[in-house]
Amino acid sequence: GDGPHNPPRKWAGLGADMTDKEVSEATLRWWKTSGRQRVLDAGYLLVAIGGITVGLLAIEGWEWGTGDKDDRIEYIGTLVARVDDVLSREIRIVDESVEQDVRDFAQQVLATRSTTRGGGVINLLDADIDAEREADA
């Protein structure tokens, strides 16, 4: 479980043997409210474990958690891509409907070292694809 938040998160981290649904459930909840506007503005959430980016999620919104604490949110979104093997940089596009520039972004940033902005097992990063598009122009 994950303490007072409902529905509880079954995992406190990620594993290579997790299904895409399990990865989504583990990474979309329960985040601190700070930083949510950055995530919403970017439209994407990059997830890192131990400073290595392992997941990219498209974010449509967020909602408050329910329970004793109301300082955590769950993002509403879809797993776009994930790292199946960090050592070989095996990256898999999960959502086949995403555009090519999002696929390219995932290939560029996943399974790379990054600076995180959190202190938990899983950390969120800015995923500003528009800034990447402008830098490439």
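Which residues line the second largest pocket?

**Orientation.** This is a predicted model, in which local features need pLDDT of at least 70 and side-chain atom pairs count only at pLDDT 80 or more, while totals for chains, interfaces and linings use all residues. Residues are numbered from 1 along each chain as its sequence is written, and side-chain values use heavy atoms, with hydrogens and water left out.

**Whole chain.** Helices (H or I, at least four residues) and strands (E, at least two) are DSSP runs, numbered from the N terminus. Of the 137 residues, 42% count as buried, that is, under 20% relative accessible area with a 1.4 Å probe, protein chains only; exposed is over 50%, and partly exposed lies in between.

**Helix H1.** Select residues 20-28, helix H1, where Val23, Ser24, Ala26, Thr27 and Leu28 are buried. These buried residues pack against strand E1 (29-32), E2, E3 and E4; contact here means heavy atoms within 4.5 Å.

**The nonpolar cores.** Next, select Leu56, Val80 and Leu110, the residues with the most contacts inside the largest nonpolar core, which has 16 residues. Strand E2 (44-49), strand E3 (52-64), E4, strand E5 (90-93) and helix H3 (100-109) each give two or more residues to this core, and H3 gives the most, with four. A second, separate core of 15 residues includes Trp31, Val39, Ile73 and Tyr75. A nonpolar core is a set of buried Ala, Val, Leu, Ile, Met, Phe, Trp, Tyr and Cys residues joined through side-chain atoms within 4.5 Å.

**The second largest pocket.** Now select Leu14, Gly15, Ala16, Val23, Ile49, Val54, Arg82, Val83, Asp84, Asp85 and Val86, which line this pocket. Its volume is about 170 Å³, taken as the space filled by probe spheres set on grid points joined across faces, edges and corners. On a 1 Å grid over the protein atoms alone, a pocket is an open set of points where a 1.4 Å probe fits, with protein on both sides within 12 Å along at least five of seven lines; lining residues have an atom within 4 Å of a point. Strand E4 (residues 72-85) supplies the largest share of the lining, four residues.

**Val86.** Finally, centre on Val86, in the loop between E4 and E5. Val86 counts as partly exposed because its relative accessibility is 38%. Leaving aside neighbours within four places in sequence, Val86 is in contact with Ile52, Val54 and Ala111. The C-alpha atoms of Val86 and Leu110 are separated by 8.7 Å, although these residues lie 24 residues apart along the chain.
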